[in-house]
Amino acid sequence: MDSLTQIVLGASVGEAVAGKKLGNKALLWGAVAGTIPDLDVLVNPWLDMVEQLSFHRSLTHSFLFAIVVSPLLAYLLRRLYKNASATWRDWTLLFFLGFTTHALLDSCTTWGTQLFWPFSNYGVAFYNIFVIDPLYTLPFLGFVLAAAFYDKRNPKRAYLNYAGLGISSAYLLFSFAAKSYANHAFKESLQHQGINYTTYISKPTPLNTLFWSVTAKGEKGFYNGFYSILDKNKQIRYDYEPQHKELLAPYRGHPKLERLLEITKGYYTVEQAQKGIYINDLRFGKFDGWQKNGGRYVFVYHVWRNQQGDLAFEEINYRPKIDGDYLRAYWDRINGI
């Protein structure tokens, strides 16, 4: 999830663990705990594109990191606040839950999280919420901010904080229910249209949990479709795109290319470029693929051989023009219009 969401979640967890003992210091250090895992981006200047993709949400998002680092930070904070009633155990729990809830919430997004690093670099992903979702974050933020204005001994403080945790958790549960409903529609329509597939990934479109996208893996390509749970019917149109895996042949065997393909979990297509190839990461779909004229993929990686004969990698950035007309059309599509 985005940084603001993780700060709010961390602050709320810190309050739940030690708010009665630390007051707003629990909110503050909970927010810090919710931020620390994302500091992995600070090493990006020293990593190439594939290394960045591989390192992101690995070490600092793992259960091992939470287990090892939490008691160390707890020791430092216990010494910093010697007169506070919070114990070393309280501080350890604050950081441990701050780290783990951060990682688990990130696992709900499309990118996924390497929870079991270093034993596995597989990105655990549940694909049930978009990385930025105001319906999750804003009510949560309101309750946490309101709680901060009450004395740590006032029971209203805990009530407001738990209300925020409860409402945000209920929204996450709704996202799983909405995903299940959309999955049923996707599978029913694929079967009705006689489309053979082995696996599929469904994920919410930006900023909501009503409008869903699916990518189904066929024998030699992928089927992409969209469905809103507010649609009046389940007649889903699928676009087919061949994978063109054969275009990878001149580059196979290079460890960074193999790692890049591993990161996509096999959901990629390949296009010939003027120099080298483009690899489209289908897990994230297209920015505006829901429109009749299609769109361009969110994550595209350019791969080519440099003058030294080694493989070079570059991420191709594309962002559509977001204006009033675009937003109105998107809002109408979410509402099944």
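Me: What makes strand β7 (residues 300-305) a partner of β8?

Reply: Six bridges join β7 to β8, and two strands pair if DSSP finds at least two bridges between them, so the pair qualifies. The two strands run antiparallel, and the bridge partner of H302 in β8 is E314. This is a predicted model, in which local features need pLDDT of at least 70 and side-chain atom pairs count only at pLDDT 80 or more, while totals for chains, interfaces and linings use all residues. Residues are numbered from 1 along each chain as its sequence is written, and side-chain values use heavy atoms, with hydrogens and water left out.

Me: Why are β5 and β8 placed at the edges of their sheet?

Reply: The open sheet has the order β5-β6-β7-β8, with antiparallel pairing. β5 (268-272) and β8 (311-316) each have a single partner strand, so one side of each lacks a neighbour in the sheet. From one strand to the next, the twist averages 25°. Strands here are DSSP runs of E with at least two residues, and helices are runs of H or I with at least four, both numbered from the N terminus.

Me: What makes helix α8 count as packed on this sheet?

Reply: Helix α8 (residues 255-263) touches β5, β6 (277-281), β7 and β8, where contact means heavy atoms within 4.5 Å. The direction of α8 makes about 35° with that of β8; angles run from 0 to 180 degrees between N-to-C directions, with axes fitted to C-alpha atoms, for helices over the stretch in contact.

Me: What makes β2 a partner of both β1 and β3?

Reply: β1 and β2 pair over six bridges, and S202 stands opposite V214 in β2. Strand β2 (residues 211-217) and strand β3 (residues 221-228) pair over seven bridges, with F211 opposite S228 in β3. Both pairings are antiparallel.

Me: Why is α2 called oblique to α5?

Reply: The axes of helix α2 (residues 24-35) and helix α5 (residues 88-106) come within 8 Å and cross at roughly 45°. That makes α2 oblique to α5, because angles under 35 degrees count as roughly parallel, over 145 as roughly antiparallel, 65 to 115 as roughly perpendicular and the rest as oblique.

Me: Why are α6 and α7 described as roughly antiparallel?

Reply: The axes of helix α6 (residues 134-148) and α7 come within 8 Å and cross at roughly 175°, and these helices are therefore roughly antiparallel to each other. Among the residues that make the contact are F140 and F143 of α6 and L160 and Y171 of α7.

Me: What makes the pair of D106 and R57 a salt bridge?

Reply: The side chains of D106 and R57 meet at 3.4 Å, N to O. A salt bridge is a side-chain nitrogen of Lys or Arg within 4 Å of a carboxyl oxygen of Asp or Glu, so the pair qualifies. D106 lies in helix α5 and R57 in the loop between α3 (49-55) and α4 (63-80), 49 residues apart. The whole structure holds 12 salt bridges.
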